[in-house]
Amino acid sequence: KEFILVGLSENQGVQKICFVIFLLFYMIIVAGNLLIVFTVFSSQRLNSPMYFFLSYLSFVDICYSSVTAPKMIADFLVENKTISFVGCITQLFGVHFFGCTEIFILTVMAYDRYTAICRPLHYTTLMTRRVCSQMVIGSWVGGFMHSMVQTLLTSSLPFCGPNKIDHYFCDVHPLLHLACTNTYAVGIIVVANSGMIALSCFFILVVSYIVILVSLKSQTSEGRHKALSTCGSHITVVILFFGPCTFTYIRPSSDLSEDKRLAVFYTVITPMLNPLIYTLRNEEMKSAMKKLW
């Protein structure tokens, strides 16, 4: 009926410090990403597809971190870190739904940059508002389908033994260790589903940026600087998000204690840094925020 979450640390002193740090992190995530959403929708200058996708990325970041961070922060102050079975499965669904949606949106943003830099004359006809909306809807649908597979596979397993999850949120790998049955086949499906989505999207992103960098040779120095400025922030986010995420899900379930520390990067750190990365390196965004204030 319920599980016990071990959390990031069982040391009471460390937990109090973590409470303050992660509460601050979560406040920055919500405030920073909301600021980007309001700025994009209130500014008439930020009407390009890049900012359209960025606003949805910020919205997904808020949802994604809100699935895990509030529960983790609250658990730092309590001794019994319990979560109901229904709450655990709901959290599992939310983590994979918003996480996979973010992966697809980041991939779509890479395609947008490729089209803008490598095919500038066709950009306005290729990236219409209708096409952009369809890409965003496709990202949500893809995330939902991926999450449903993970959730249905995990929730159908029998849990009749230990109920202690060595993590700060409910995820597939920790739950597979608690199932009272052989989970080898399920583990392979999980790797094929989560791992291959992360790895294939990361491969597409790498290839697209190699093509972009090669195409920059034929452009002027001003054009190269502007392209590298917009792509640099996106590459930074991709590395911070896909690195830990791919490492966690591309391999079979294991007992590595580093998993939950790596999960902090793609559930808390990346959503917190996204607003800083995309605003500090973008003059249009900074000027639009000043005008909004």
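Phe 144 lies in helix α5 (residues 129-155) and is partly exposed at 41% relative accessible area; buried means under 20%, exposed over 50%, and partly exposed in between (1.4 Å probe, protein chains only).

I note that this is a predicted model, in which local features need pLDDT of at least 70 and side-chain atom pairs count only at pLDDT 80 or more, while totals for chains, interfaces and linings use all residues. Residues are numbered from 1 along each chain as its sequence is written, and side-chain values use heavy atoms, with hydrogens and water left out.

I then looked up the salt bridges (a side-chain nitrogen of Lys or Arg within 4 Å of a carboxyl oxygen of Asp or Glu), and the structure holds three. Lys 260 forms one with Asp 166, the closest N and O atoms being 2.8 Å apart. This pair links distant parts of the chain, 94 residues apart, with Lys 260 in helix α9 (residues 258-280) and Asp 166 in the loop between β3 (164-165) and α6 (172-176); helices (H or I, at least four residues) and strands (E, at least two) are DSSP runs, numbered from the N terminus. Lys 260 is buried at 7%, whereas Asp 166 is partly exposed at 42%.

Asp 75 forms a salt bridge with Lys 71, with 3.3 Å between the closest N and O atoms, and I see that the two are about one helical turn apart because they stand four residues apart in helix α2 (residues 49-75). Arg 113 forms a salt bridge with Asp 112 at 3.0 Å between the closest N and O atoms; Arg 113 is buried at 11%, and Asp 112 is buried at 1%.

Last, I traced an open sheet of three strands in the order β2-β1-β3, with mixed pairing, where two strands pair if DSSP finds at least two bridges between them. Both β2 (82-84) and β3 stand at the edges with a single partner strand each, so one side of each is left without a neighbour in the sheet. Strand β1 (residues 2-5) pairs with β3 in the parallel sense over two bridges, and Leu 5 stands opposite Ile 165 in β3.
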